[in-house]
Amino acid sequence: MKVVLHIWRQSRPSTSQDFGQDGKMVRYELDDVSADMSFLEMLDILNERLTAKGEEPVAFDHDCREGICGTCSLMINGRPHGPERGTTACQLHMRSFQDGSEIWIEPWRAKSFPVLRDLVVDRGAFDRVVQAGAFISVNTGAAVDANAMPVPKADADKAFDAATCIGCGACVAACKNASAMLFAGAKVSHFLHLPQGQAERDRRVLNLVETMDKEGFGNCTNQYECEAACPKEIPVRVIADMNREYNRARIKS
Amino acid sequence: MNWMLDYWRSSIGGKVTMAITGLLLFGFLVGHLAGNLLLLSGPEAMNEYAAFLKSKGALLWVVRCGLLAVFVLHVITGIRLARENRNARPIAYARPDTIQASLASRSMVFTGLSTLVFVVYHLLHFTVGVTNPEHFTMETSAGGHNVYGMVTASFSVVGIALAYVAFQVVLFFHLAHGVQSLAHTLGLHHERFTPMIKTASVGVAALITGGNIFLVLSVLLGIVEVQS
């Protein structure tokens, strides 16, 4: 199959003053793409051709290519990870596109995710949010016996729904406000429903929200684009969980 | 007081401010429509109700000031959040798309600012009497403020009536998203009830704005008697 690609090319990293305004969308044509290729394999082919011609290959993030690491981060035709629901860009295949399609590929767009080069963004802001509170403090040593602490199945399911987050940033990319509330909410909800999460319950949500705000993400307006774009289909319930938890902690503090 | 400002400045604090002030303003809209429905009961009922409100003196001013404070807080917080949201994405997508965000949710800033403009006009029209002084100064046979006459005389002017109807359509979109959004911001999310809240949100928005449109059209189409 044949595809026409429009890809964001940016040669130097964005800064807090310069957001990469000198970058631009560049048109490429590929006319022998197999429908069975993954989206990233299609980009690999493009890069081989560019390298052979002595041009700079397109920089894009990828790692496991199994849909579990959260490294791939492509905005494809205005949707994070492309048109399929619950699918990362690496698990997307060219059969999801029509022969002759025009495909627009852009990096995640958010002030908090500065573009490093082409389609690669720095998601360090997510790491700093995690460091602010998305953990529990336990003594190291031998692993605790699996069923020593009983957790009702319904609670375990709620925690697990949130824990499936792979931190890819699709929620921020999809949000009209570049808000990170689905991500931060997932971190809150992950621990909220488990007994292990109770000791640091208040501190966690206060620190998470403070760090999220400081990083310059936008504010949720309950449009739920994040939920629809999330490759792990994390529900917006986690945002309501975080709102409740934050108010509870603020009242107590 | 520092903790309040600190809370307001946080993302969730700002959202909750929007939700609570939004809920109060929604409550006002319900009361406003309920009062205006007296138009259907004729001039005496409407003017008596207006005189009753005016007779409260200081209490009326307390309520008015409270309402104004809530309104101003809603507008200022909304502008602050919208600016932060704009700044959070300095470069827009070359080819944007929308998966499931409703038209109403995407036009909240536009419908909100339109409401601000309309409220100013509405106050100049019916509360201060600047735009149509000839309607505002109408008197009852007893010499009191003739609210029924003022409203019916105004809404029998096609241009004014259509402006009010057009604004109610804008307000419908603001409420249709606003009511369900405030529930979620206040932490209400439930597998069974959230879909009901979403439907109810559109329903109450339609009831409020539909009720207002019905009153305007009742005058324009001569279903209620026009005094002039």
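**Ground rules.** I number residues from 1 along each chain as its sequence is written, and letter chains from A and number ligands from 1 in the order in which they are written. The model is predicted, with pLDDT of at least 70 needed for local features and 80 or more for side-chain atom pairs, while totals for chains, interfaces and linings use all residues, and side-chain values use heavy atoms, leaving out hydrogens and water.

**Entry: the contact.** I looked up who touches whom (contact: heavy atoms within 4.5 Å). Chain A brings 49 residues and chain B brings 37. About 3,700 Å² is buried between the two chains, 52% of it on carbon and sulfur atoms. Buried area here is the accessible area (1.4 Å probe) that two parts lose on being put together, summed over both. On the chain B side, Ile91(B), Tyr93(B) and Ile99(B) lose the most area to chain A, together 18% of what that side buries.

**Entry: salt bridges.** I counted two between chain B and chain A. A salt bridge is a side-chain nitrogen of Lys or Arg within 4 Å of a carboxyl oxygen of Asp or Glu. Arg250(A) pairs with Asp6(B) in a salt bridge, at 3.3 Å from N to O.

Entry: I took cavities and pockets from a 1 Å grid over the protein atoms alone. A cavity is a set of points where a 1.4 Å probe fits but cannot get out; a pocket is an open set with protein on both sides within 12 Å along at least five of seven lines; lining residues have an atom within 4 Å of a point. Grid points are joined across faces, edges and corners, and a volume is the space filled by probe spheres set on the points. The second largest pocket has a volume of about 380 Å³. Its lining has 19 residues, and Pro235(A), Arg237(A), His189(B), His190(B) and Glu191(B) lie nearest its centre.

**Entry: cavities.** I found four of 30 Å³ or more. The largest cavity has a volume of about 120 Å³. It is lined by 16 residues, with Cys175(A), Cys220(A), Tyr224(A), Glu225(A) and Cys226(A) nearest its centre. The second largest cavity holds about 90 Å³ of space. Of its 13 lining residues, Cys165(A), Cys168(A), Cys171(A), Cys230(A) and Ile234(A) are the closest to its centre.
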